Amino acid sequence: MPHYARNYITQVIVRADFLPNTVPMLQPEARLLELMDGFPLRERLNRTKTEVHIRKTPQGPMKDTHTANYMEHNFHTEDKLRHVAACGEYLFYETKRYEGFESVRDTFLDLMDAMAEQYPTLRLRRLGMRYINEIKLPEADAGPGLGAEFWETYINPLLLGGLRFAANDGALARHMCSTELNYGTDRATVKYGIFNSEYPKPNRRREFILDIDTYCQAALTAEAVPAKLEDYHKAACSVFEAAVTDALRARMNRA
């Protein structure tokens with residue numbers, strides 16, 4: 001996201017899913033463990049996946065389904081604001097303290113490089129990056145109200161049609177919308193609206209969610225990841241800037 005004095009990003013996730021059998025990982029290797037020095041809280045979790053295979057028979061296609069187990073290795077910082085999960089199925093990095101795209105990118109690429117060095121056969125089947133913005137405006141000077149009349153000062157009015165339809169600040173319990181964009185192999189899903197953590201109670205908070213998930217579902221090499229992450233960051237910035245108004249930018253630029 002652009003560098004503002006403050007932001008509303010509460011979670012950033014980067015995840016790479018591997019093609020089957022390209023990362024024969026059972027235990028984290030030395031290079032990966034070296035990168036985890038700042039992640040002292042560790043746990044191993046048994047996970048289960050469902051595999052479906054279609055085979056041809058004289059009677060027609062037959063579907064075989066079975067489950068398989070794998071071990072997920074998790075690493076957390078002491079404050080639990082950053083989390084890495086690594087296994088033969090995927091690599092996952094999450095931060096709840098956003099310190100800029102460069103920090104997220106470099107951390108993830110270091111992890112990816114370590115795995116690619118250990119497993120030269122590594123190939124991706126999916127790569128994604130997700131920004132979750134929780135725009136919270138409880139301050140009195142933000143203005144009164146909870147519905148579209150309040151949010152149109154800070155959020156693009158084109159995103160507020162559902163709030164206008166509800167038309168009653170006192171009754172709205174939740175209003176979340178989803179827009180999916182298809183750019184060929186690259187995709188984006190944008191979810192936005194009033195989530196209300198106290199649902200199904202009526203909403204009483206000035207909190208607007210802008211959740212931007214950019215991803216690619218195609219075979220990729222590790223070498224392709226840096227450029228993809230740059231593209232996803234630019235796309236997320238573009239969506240965010242289109243979704244907010246100058247009034248919100250002014251608040252974000254306050255020291």
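This is a predicted model: local features need pLDDT of at least 70, side-chain atom pairs count only at pLDDT 80 or more; totals for chains, interfaces and linings use all residues.
A salt bridge here is a side-chain nitrogen of Lys or Arg within 4 Å of a carboxyl oxygen of Asp or Glu. Glu 72 counts as buried at 6% relative accessibility, while Arg 47 is partly exposed at 33%.

A search of the whole structure turns up 18 salt bridges. One of them joins the side chains of Glu 117 and Arg 31 (2.8 Å, N to O). Glu 117 belongs to helix H2 (residues 101-118) and Arg 31 to helix H1 (residues 30-35), so this pair ties together parts that are 86 residues apart in sequence. Glu 117 is exposed, at 55% relative accessible area, and Arg 31 is partly exposed, at 31%.

Asp 141 and Arg 251 also meet through their side chains, in a salt bridge of 3.1 Å (N to O). Asp 141 lies in the loop between strand E6 (124-136) and helix H3 (148-151) and Arg 251 in helix H6, so parts 110 residues apart in sequence are tied together. Salt bridges with shared partners join Arg 6, Glu 139, Asp 141 and Arg 251 into one network. Arg 251 itself is buried, with a relative accessible area of 5%.

Helix H6 (residues 246-252) also holds Arg 249, which is buried at 17%. The Arg 249 side chain makes a polar contact with that of Asp 246 (2.7 Å), and one of its polar atoms lies 2.5 Å from the backbone oxygen of Glu 241.

Conventions:
Residues are numbered from 1 along each chain as its sequence is written. Side-chain values use heavy atoms; hydrogens and water are left out. Helices (H or I, at least four residues) and strands (E, at least two) are DSSP runs, numbered from the N terminus. Buried means under 20% relative accessible area, exposed over 50%, partly exposed in between (1.4 Å probe, protein chains only). A polar contact is a pair of N or O atoms within 3.5 Å; within protein, one must be able to donate a hydrogen and the other to accept it, and residues adjacent in sequence count only if both atoms are side-chain atoms.
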